[in-house]
Amino acid sequence: MLLRHFYVEKIAHSSYLIGGNKTCAIVDPARDVERYIDAAKEEELEITHVLETHLHADFISGHIDLAEKTGATIYAPKNGNCEFEHVAVGEGSTFSIEDIEFHVLDTPGHTPDCLVYLVKDLSRGDEPVLAFTGDTLFVGDVGRPDLFPGRAEELAGKLYDNINNKIAKIPGHCIVLPAHGAGSLCGKAIGTMKLSTIGYELKYNREILIKDKKDFIRSLTVGMPPAPDHFGRCSEINRKGPAPVESLPEIVPMKPPEFREKMNDGKTIVVNTRDYAAFGGHHIPVSWHIDMSGNFSTFAGWVLPPEKDILLVTDNPQQAQDAVIMLRRVGLDHAVGYLEGGTHAWVAAGYETEHVPQLSAKEVHEKLNGGGYTLLDVRTEDEYRVKHVPGAVNMLAMDLRTRYKELDPEEPLIAMCRTGRRSSLACSILKQYNFRNICNASGGITGYIAAGYLK
């Protein structure tokens, strides 16, 4: 039995190739599927199966693309009611790839359709050797059950039952291969290890150690991290079957006049992907700013309107191509062009730009002590609770799309996050609502602490 692991940074997504001598399956594939096709070729294997553990909420799956490109059969949860051609599997289903035997457990909790694939390598023994646990069981955590409005307690209760009545009965030596790692918002606090064992998780997983069902439900329904907007869209897209990538529009370079005409057509937004210092120096008015060096896919899926066409401002053409892949991962399929020559070409054409002053830790400290400035801490409530600058107002960056109304657009503001990236996004949102006197804290609270201004 051959096993290969694939990992998408930032969204912390794990997928897998599992195969025998001639054929293989891909488990929970990402949408950019060439990596799996290339890996199968390297191993001289044919991709015959595509396995989905559930309808993913945080990314668009590559199941449709893989099936079209390879002829593989898609296996998906029966409870997902998928609309594309597939083999529906649920509790008790079994199928094989050569000497590899798959047994299906229904494990609703994170979503109503979650399942686990238990795998036996019959060439060596008849006990399960590994489990593709999807978002049911992570390293050190379990899947969050609060993504379906009004069903959090119900799903948390089902997850408790499935862990104690099904997961706990899997042999302890069985390797746990989850769909996500540390940093994913599909759990509260997933561990950094990429794999574990059933036995280790039963002994040390902090959620599994909660033996009282009511306490377990409370733990998974109170104080969960905020869920991005695209979590409410991706599951349905995956259920219906996302558009094949090859059917999507190609991104094209646009010279400044063409770019400006397109951005003003009423159905288009501009997204600047450069670092926050470059964005602050010059940017096209009413641009969104999402720094490519941060968690670009998640933040884009969180805040960008999915019905809009997207124009990109990047440092170079390759960055534009990379941004398109990251946008498509979260269902933003309408990136149509990028600014040829970047911001330099824009200003050389004589077109208007705006600015966001970038303040060092020393400058932030001086302005706050001088009075007249409000510090807007745009991190999560949990981050803010751990440590914050006294007097700072806490509003999550992404929530400023609506909570801007609670702020005075004439009041001088300094936006601060952990590093300067989310706060730059916050600045770009506020500027769309005519906030003009706003600065970004470069280096964020990290730099502020390093400079000795906060203990």
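**Pocket, helices and strands**

Tutor: The largest pocket has a volume of about 1,000 Å³. Keep in mind that this is a predicted model.

Student: Which residues are closest to the centre of that pocket?

Tutor: L185, F299, T380, E383 and R422 are the closest to its centre, out of 42 residues that line the largest pocket.

Student: And which elements give two or more residues to the lining?

Tutor: Those are α9, α13 (381-386) and α15 (421-431). The largest share of the lining, four residues, comes from α13.

Student: Let's stay with α15. Is S423 in that helix buried or exposed?

Tutor: S423 is in helix α15. S423 has 0% relative accessibility, so it counts as buried.

Student: What does S423 touch?

Tutor: Leaving out residues up to four places away in sequence, S423 touches V378, A415, M416, C417, N440 and A441. A polar atom of the S423 side chain also lies 3.2 Å from the backbone oxygen of G420.

Student: What about K431, buried or exposed?

Tutor: K431 is in helix α15 too. Its relative accessibility is 8%, so K431 counts as buried.

Student: Where does the side chain of K431 reach?

Tutor: It reaches the backbone oxygen of H355, at 3.5 Å. With residues up to four places away in sequence not counted, K431 touches H283, E354, H355, V356, R436 and I438.

Student: Which strands are joined to β22?

Tutor: β18 (residues 358-359) is joined to β22 by two bridges, and the two run parallel. β21 (residues 413-416) is joined to β22 by three bridges, also in parallel.

Student: Different sheet now. What is the strand order in the open sheet of six strands?

Tutor: The order is β7-β8-β9-β10-β11-β12, and the pairing is mixed.

Student: Why is one side of β7 and of β12 left without a neighbour?

Tutor: β7 (94-97) and β12 (196-197) stand at the edges and each has a single partner strand, so one side of each has no neighbour in the sheet.

Student: How do β10 and β11 pair?

Tutor: In the parallel sense, over four bridges, with β10 at residues 128-134 and β11 at residues 175-178. A131 stands opposite V176 in β11.

Student: Back to β12. What is S196 in contact with?

Tutor: S196, which is in strand β12, is in contact with V139, C174, I175, V176 and E201, leaving aside neighbours within four places in sequence. The S196 and E201 side chains are joined by a polar contact of 2.6 Å. V139 is 57 residues from S196 in sequence, but their C-alpha atoms are 6.1 Å apart. S196 has a relative accessible area of 9%, so it is buried.

Student: Now α10. What span should that helix have, and what does the model give?

Tutor: α10 has 13 residues (317-329), which at 1.5 Å a residue should span 18 Å. The C-alpha atoms at its ends are 19 Å apart, which agrees.

Student: Which residues of α10 are buried, and what do they pack against?

Tutor: Q319, A320, A323, V324, L327, R328 and R329 are buried. The buried residues pack against β1 (2-8), α1 (34-42), α9 (296-303), β16 (309-313) and β17 (335-339).

Student: And what is found at the start of α10, and what follows it?

Tutor: At the start, a side-chain oxygen of N316 comes to within 3.2 Å of the backbone nitrogen of Q318. α10 is followed by G331, with a positive phi near 80°.

Student: Which residues other than glycine have a positive phi?

Tutor: D28, with phi near 55°, and N81, with phi near 50°, are among them. Most residues other than glycine have a negative phi.

Student: Where are those two, and is each buried or exposed?

Tutor: D28 lies in the loop between β3 (23-27) and α1, and at 2% relative accessibility it counts as buried. N81 is in the loop between β5 (73-77) and β6 (87-89), and at 54% it counts as exposed.

Note on methods. Residues numbered from 1 in each chain as written. Predicted model: local features only at pLDDT ≥ 70, side-chain atom pairs only at ≥ 80, totals over all residues. Heavy atoms only, no water. Pairing = 2+ DSSP bridges. Expected span 1.5 Å × (residues − 1). Buried < 20%, exposed > 50% of the residue type's maximum accessible area, 1.4 Å probe, protein only. Contact = heavy atoms within 4.5 Å. Polar contact = N/O pair within 3.5 Å; in protein donor to acceptor, adjacent residues only side chain to side chain. 1 Å grid on protein atoms, 1.4 Å probe; cavity = no way out; pocket = protein on both sides within 12 Å on 5 of 7 lines; lining within 4 Å. Points joined across faces, edges and corners; volume = space filled by probe spheres on them.
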